[in-house]
Amino acid sequence: MHVAKEDEELYAQAQSYVALGDKDRALKAIDEYVSRYTENECGWTEKGRIHFERGEYPQGLAATKQSLHVNPYNTHAWNNLGILLNRTKAPLTEVKTAFANALHFDPYNTAAMMNLIGPLVLQKEYAEAAALTANAIKLRPDKPLVLAKTQELLREFMEGRDNAAAKTLLSGWTAARPRDV
């Protein structure tokens, strides 16, 4: 799909307004963009994100689902869907499925990994949470979110006496950060 240069600028404006905290102008710009390019999943993904940041979860869900309708392989939209489902108190199985789909289409998406860990821990699926976290730290050993989540889970597993999960995390940590053992 060809997007006119001025429309590319419109999309960039929406992103810039988000970065500046002007969510009203961001929404206006992205609404104009998606009205012109209804079959461009990036616009719908951005629209969903803007609604999310405005606390408008039903509208965010609708836009994100439209993005996935246009392109069911959009890993960012799947990750955003999981976040929105989680915020709207959807069943954990739906939340986990959305994050798992994000990882299915991009197995290196550490943001989706970190987001999936929460529902896994809530359902006491500690071995899977530990394995996922260990993989994330191997992929992104210096990413602050990954480091913080790894430390938090390690503390939680050690306090909860889940030694197998703690061992998995420690192995992942030492493999990824041997100078920081």
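**Figure 1. Packing of helix H9 against helix H10 in the predicted model.** Helix H9 covers residues 144-159 and helix H10 covers residues 163-176; their axes come within 9 Å and cross at roughly 150°. At this angle H9 is roughly antiparallel to H10, and H9 passes H10 in a left-handed crossing. On the H9 side, the contact consists of Leu147, Thr150, Gln151, Leu153, Leu154, Phe157 and Met158. These meet Ala165, Ala166, Leu169, Leu170 and Trp173 in H10. Sorted by class, the residues of the contact of H9 with H10 are ten nonpolar and two polar, with no charged residue.

**Figure 2. Packing of helix H6 against helix H7.** Helix H6 runs over residues 92-105 and helix H7 over residues 110-122. The two helices pack at an angle of about 150°, and their axes are 9 Å apart. H6 is therefore roughly antiparallel to H7. The crossing in which H6 passes H7 is left-handed. H6 contributes Leu92, Val95, Lys96, Phe99, Ala102 and Leu103 to the contact. From H7 come Ala112, Met113, Asn115, Leu116, Pro119, Leu120 and Leu122. The contact of H6 with H7 has eleven nonpolar residues, one polar and one charged.

**Figure 3. Packing of helix H2 against helix H3.** The axes of H2 and H3 come within 10 Å, with a crossing angle of roughly 155°. This angle makes H2 roughly antiparallel to H3. H2 and H3 cross in the left-handed sense. The H2 residues in the contact are Lys23, Ala26, Leu27, Ile30, Asp31, Tyr33 and Val34. Those of H3 are Gly43, Trp44, Glu46, Lys47, Ile50, His51 and Glu53. By class, the contact of H2 with H3 holds seven nonpolar, two polar and five charged residues.

**Figure 4. Salt bridge between Lys47 and Asp31.** The side chains of Lys47 and Asp31 meet at an N to O distance of 2.3 Å. Lys47 belongs to helix H3, whereas Asp31 belongs to helix H2 (residues 23-36). The pair is 16 residues apart and links distant parts of the chain. Both Asp31 of H2 and Lys47 of H3 are also listed in the contact of these two helices. The count for the model comes to eleven salt bridges.

Figure 5. The side chain of Glu56 is joined to the side chain of His51 by a polar contact of 2.5 Å. A polar contact of 3.0 Å is also made between the side chains of Glu56 and Arg54. When neighbours within four places in sequence are left aside, Glu56 is in contact with Leu27 and His51. Leu27 of H2 and His51 of H3 also take part in the contact between those helices.

**Figure 6. Overall fold of the predicted model.** The secondary structure of the protein comes to ten helices and zero strands. Along the sequence, the elements follow the pattern α-α-α-α-α-α-α-α-α-α. The C-alpha trace spans about 55 × 35 × 30 Å along its principal axes.

Methods
Residues numbered from 1 in each chain as written. Predicted model: local features only at pLDDT ≥ 70, side-chain atom pairs only at ≥ 80, totals over all residues. Heavy atoms only, no water. Axes fitted to C-alpha atoms, helices over the stretch in contact; angles between N-to-C directions. Helix = DSSP H or I, 4+ residues; strand = E, 2+ residues; numbered from the N terminus. Parallel < 35°, antiparallel > 145°, perpendicular 65-115°, else oblique. Left-handed = near helix turned anticlockwise from the far one by under 90°. Contact = heavy atoms within 4.5 Å. Nonpolar A, V, L, I, M, F, W, Y, C, P; charged D, E, K, R; others polar. Polar contact = N/O pair within 3.5 Å; in protein donor to acceptor, adjacent residues only side chain to side chain. Salt bridge = Lys/Arg side-chain N within 4 Å of Asp/Glu carboxyl O.
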